[in-house]
2 protein chains.
Amino acid sequence: MKLVYTGKTKNVYELEDGNYLLAFKDDVTGENGVFDPGANTVGLTIEGAGRAGLRLTKLFFEVLKEKDIPTHYVDANIEEATMTVKPATVFGKGLEVICRYRAVGSFLRRYGLYVEEGAELDAFVEVTIKDDGRQDPPISEDALAMLGLLTKEEYQVLKNLTQEIGGVVKEELAKKGIDLYDIKFEFGRVEGGQIVLIDEISGGNMRAYKDGQYIEPLELEKLMLL
Amino acid sequence: MKLVYTGKTKNVYELEDGNYLLAFKDDVTGENGVFDPGANTVGLTIEGAGRAGLRLTKLFFEVLKEKDIPTHYVDANIEEATMTVKPATVFGKGLEVICRYRAVGSFLRRYGLYVEEGAELDAFVEVTIKDDGRQDPPISEDALAMLGLLTKEEYQVLKNLTQEIGGVVKEELAKKGIDLYDIKFEFGRVEGGQIVLIDEISGGNMRAYKDGQYIEPLELEKLMLL
């Protein structure tokens, strides 16, 4: 088992059968010791955070499997905090795809002239480039095509998958009386070129609210896994 | 004649026949006394700057008129530094539409991970919101539709017009051996809903280079009006 990548919150190992193993760490992103899923630096270590994130990820990936929505998921070992996944290549050096149901975060910071905080957005999809040094800038469908990151056809697939998966997560949260405000995903291409959901779906990937109150990622994981 | 708007570089008066008069000022945008067309504050006053901008604007708007490309232009009075235009309403509180032929400026700052400085871009179009307080953020076709600023059909019209007009300006500059790197336009709706080019097309709207050297807006105007 060979370590191929050391990430902020996960390490990635290559397995002998060609699959990969994601090892979830207890490190979470944030600044000055405060957990902030949107941050680009590791802020603190919380015991059990990796396992909690994996348990929620497993829950969602298994729901997606039942619905025949393509992901890189093979299986998960909660005890060891690892997830086995199929090999996939990201677009360029990685994109994040965001699905928004409410105007908060960077959407509100950008478009506050035209939208009120918390206003409903109709499963609005936008793509950002993973580039810490440039603050993960948003990028348009045309720019993605021009820079050779994603064809127009692939963009449509990505957008549809994002709205479909966002809808599944929203529905699961709603069963516990929790509102999904926004969620970010990563996608990749597997053998043959099919676009699939990769990475994780944990508290750190989304903003969730209950009775109008923001729920911290670890609290969200607790509520969802009760 | 009633003053209806005081802008950074122009004042706008309403005429009795329903048209508007744009009075070009000698104030130019910039910071710390340096002319920067991309800046959001008035940086300095340069004698003759208003008239030079208007002369170049007149040149381009008259070429566009010959080509039957719709604009708000009626006529111009160089001596008085004024331009008469048809009434038009902007989209929301105003959008800027940029056409890029080379990767410089904010495009390079955002997408430098995937593009080299000065790389050729194929008349790439992007829209930004006029919002000084939020640093004129870029906005996607989907977001423009969702926020009610522009329908998908209008977006296509805007994009096509932008590439067409950008091409006209590029060609005019090429006649003097000058390369157009990028240019920004404003559009509006006239009576009946038709989308037309509004505002001005002067040195301050574009980045132009000659023999690989950036040409200042006032120098560009001199070269173009020789």
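**Exercise: a salt bridge in chain A**

Which side chain meets that of Asp182(A) in a salt bridge, and what is the N to O distance?

*Solution.* Note what kind of model this is. The model is predicted: local features need pLDDT of at least 70, side-chain atom pairs count only at pLDDT 80 or more, and totals for chains, interfaces and linings use all residues. Residues are numbered from 1 along each chain as its sequence is written, chains are lettered from A and ligands numbered from 1 in the order in which they are written, and side-chain values use heavy atoms, without hydrogens and water.

Apply the rule next. A salt bridge is a side-chain nitrogen of Lys or Arg within 4 Å of a carboxyl oxygen of Asp or Glu. The partner of Asp182(A) is Arg100(A), at 3.3 Å from N to O.

Now place the pair. Asp182(A) sits in strand 13 (residues 179-189) of chain A, and Arg100(A) in strand 10 (residues 95-102) of chain A. They are 82 residues apart, so the pair links distant parts of the chain. Strands are DSSP runs of E, at least two residues long, and helices are runs of H or I, at least four, numbered from the N terminus.

Asp182(A) and Arg100(A) are both buried. Buried means under 20% relative accessible area, exposed over 50%, and partly exposed in between (1.4 Å probe, protein chains only).

**Exercise: two salt bridges in chain B**

Find the salt-bridge partners of Lys130(B) and Asp182(B), then describe the setting of each pair.

*Solution.* Take Lys130(B). Its partner is Glu186(B), with the closest N and O atoms 2.8 Å apart. Lys130(B) lies in the loop between strand 10 (120-129) and strand 11 (138-139) of chain B. Glu186(B) belongs to strand 12 (residues 179-189) of chain B, 56 residues away. Lys130(B) is partly exposed at 30% relative accessible area. Glu186(B) counts as buried, at 12%.

Take Asp182(B). It pairs with Arg207(B), and here the closest N and O atoms are 2.6 Å apart. Asp182(B) is buried, with a relative accessible area of 5%. Arg207(B) is partly exposed, at 29%.

Widen the view. In chain A, salt bridges with shared partners form one network of Arg100(A), Arg110(A), Glu126(A), Asp182(A) and Arg207(A). The whole structure holds 28 salt bridges over all chains.

**Exercise: an open sheet**

Work out the strand order of the open three-stranded sheet in chain A.

*Solution.* Start from the pairs. Two strands pair if DSSP finds at least two bridges between them. Strand 4 (residues 27-31) of chain A runs antiparallel to strand 5 of chain A, joined by two bridges. Glu31(A) has Val34(A) as its bridge partner, and Gly30(A) stands opposite Phe35(A). Two residues separate these strands in a hairpin, and Asn32(A) in the turn has a positive phi of about 50°.

Strand 4 and strand 6 of chain A are antiparallel over three bridges.

Read off the order: 5-4-6. Strand 5 (34-35) and strand 6 (42-45) of chain A are the edges. Each has a single partner strand, so one side of each lacks a neighbour in the sheet.

**Exercise: the two chains together**

Determine how chain A superposes on chain B, and describe their interface.

*Solution.* Copies are superposed by least squares on C-alpha atoms of residues with pLDDT of at least 70 in both. A rotation of 180° with 0.0 Å of shift along its axis does it, at RMSD 0.0 Å. The two copies are thus related as by a two-fold rotation axis. In chain A, Ser140(A) comes closest to that axis, at 2.9 Å (C-alpha).

Count contacts (heavy atoms within 4.5 Å). 31 residues of chain A touch 31 of chain B. The same surface serves both copies: 100% of the contact residues of chain A recur in chain B.

Get the area. The chains bury about 2,500 Å² between them, 66% of it on carbon and sulfur atoms. Buried area is the accessible area (1.4 Å probe) that two parts lose on being put together, summed over both.

Look for charges. Two salt bridges cross the interface. Asp142(A) forms a salt bridge with Lys159(B), the closest N and O atoms being 2.8 Å apart.

Check confidence. The model scores ipTM 0.90 and pTM 0.92. Chain A averages a pLDDT of 95, and 100% of its residues score at least 70. pLDDT is the predictor's confidence in each residue, from 0 to 100.
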